[in-house]
Amino acid sequence: MTANATQRPAIKKPSLGPTPKQLAALKAVVFVLALLPFARIVWLTVRQVPVDPVEFVTHGTGDWALYLLCATLAITPLRRFTGWNWLIRLRRMLGLYTFFYGLMHFLTFLWADHRFDFGAMWKDVIKRPFITVGFIAFVLLLPLAATSTNAMIKRLGRRWAQLHRLIYLIAPLAILHYWWMKAGKHNFEQPIVWGLVVAMLLGLRVYWSWNRMRSPVPSRSVGS
Amino acid sequence: MLIKRNPNGIDLPFPSEITPREVYEGRRKFIAQIAATAAVGSSLWELANREAFAQGAPAAKLAATRNAAFSTTEKQTSFEDATHYNNYYEFGTDKSDPAQNAHTLRTRPWTVQIDGEVKKPLTLDIDHLTRLAPLEERLYRLRCVEGWSMVIPWVGYSLANLIRQVEPNGNAKYVEFTTLADKRQMPGVGSRVLEWPYVEGLRMDEAMHPLTLLTVGMYGQVLPNQNGAPVRVIVPWKYGFKSAKSIVRIRFVRDQPRTAWNTVAPEEYGFYSNVNPNVDHPRWSQASERRIGEGGFFAPKRKTLMFNGYDQVASLYSGMDLKKFF
């Protein structure tokens, strides 16, 4: 790692990146791509293809919340490794999609499992550790989604970056939720794979901040 | 003869080697057309010799008399759902895996070893086992520990018929069922999810209860591979995983068998695992269930019944704390 990489955001080489027009097109493509899994879930469920629709929707929305969470967390490492700084322009959308799939996952639980009976839902949340951690992860996503507008970013300033570091807590909680859920069937293959992905994405941050602390070069931290 | 053979005495292809559904259904149509041409016998014989046909042959019919006393009047689950939504980890952990992968299971020849604490140990081939007692059809509720349920017409006879044949001695307190574990036929064997072979067990009085069905068929035909061919047990008042599939050994033992799910997660899957709405699984409530095929995403759940509605077994557990012995 060069001294260069200890700065944030570090850039290997200057990159002009896409033009505003290209970026808008790229955003539109990502928007549609990230919506496709949801469209597929709805389409198949409406056509009554899945034998157990509740399980299908629950698992599908949960899986995609996790995938998009990882995609969101992958933006910063990708920027640093490739120098494609413009990737940051896609991050908010990916983060909001993470929230969207998390919300759908939660609503499926609330609707299909509890028929919108909040009391029964709450009992479930406090009784079962895997639901407790999933629920905490979801609740922690709420302030992040709520402060995702330009106005909020401006208003919160430095505190915005601090607040959004909650994602470093949310990601392990999501993995724990997945792990404990799969523990019921003693089937850890997927939780291990995604646990490693999250560990790697967070591990990079730890490594960078450790490097930064040791480095004599003053850092220009702009958050993650 | 209960398993139909063609006139030359050669076994029809393995009935449940089901290829993708479209292919299967397309072929059925094709067969129907051929049948319509009146050249039925010779055409079918020709087809039977073709590999392609062997993959999608309609399953052999099993003649059985409906046992109304032991059958629910609820609407039965579609054959399609009952054969494409299965927990059978020897063929993969997704519930769609068994239907896709189980075609590699060879169900003939097949023998079942019956031994342990018995006076007359026996090794029976599947055809003898099938003929041991008159076949009955029973429409049973099936409640999976995961919180869903089906209604399935099984074909078989009370396991008690077989147990009487081997004459268990006084030491026989439990019955242990062992499922085949052959990596070449079962791609999921070797995964670390469970210890193989899959072992399940019942207390002697549970095994002797007339509801406990030694099962060789469903929906009027021999068991599809993904449903536990060629022989399994069905214990309708317990969660589905208690009903061992593709059985190769039935052993009578003194001590409570080390059963598969109970071994890997004893706090989640008790040895008894009677359907019980009052004892939650640690990860979800067992108070209600989703009936497969009933109304889709918006359908309200059904209340789960004690002993899955089979109250006649309650006396087996009188005086037992079912919260402790869950």
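These legends accompany close-up views of a predicted model. Residues are numbered from 1 along each chain as its sequence is written, while chains are lettered from A and ligands numbered from 1 in the order in which they are written. In this predicted model, local features need pLDDT of at least 70 and side-chain atom pairs count only at pLDDT 80 or more, whereas totals for chains, interfaces and linings use all residues.

**View 1. Helix α1 of chain A, residues 20–46.** Helices are DSSP runs of H or I with at least four residues, numbered from the N terminus. The end C-alpha atoms of α1(A) are 38 Å apart, which agrees with the 39 Å that its 27 residues should span at 1.5 Å a residue, the expected span being 1.5 Å times one less than the number of residues. Two of the 27 residues are buried, so α1(A) lies largely in the open; a residue is buried if 20 or more other C-beta atoms, placed from the backbone, lie within 10 Å of its own.

**View 2. The bend at Leu36(A).** Here α1(A) bends by about 35 degrees, and Pro37(A) follows within four residues; the bend is the angle between axes fitted to the seven residues ending there and the seven starting there. Just after α1(A), Gln48(A) takes a positive phi of about 60 degrees.

**View 3. The contact between chain A and chain B.** Chain A gives 14 residues and chain B gives 15 residues, with two residues in contact if their C-beta atoms, placed from the backbone, lie within 7 Å. On the side of chain A that touches chain B, helix α2 (residues 53–82) of chain A supplies the largest share, three residues.

Methods. Buried ≥ 20, exposed ≤ 12 C-beta atoms within 10 Å, placed from the backbone.
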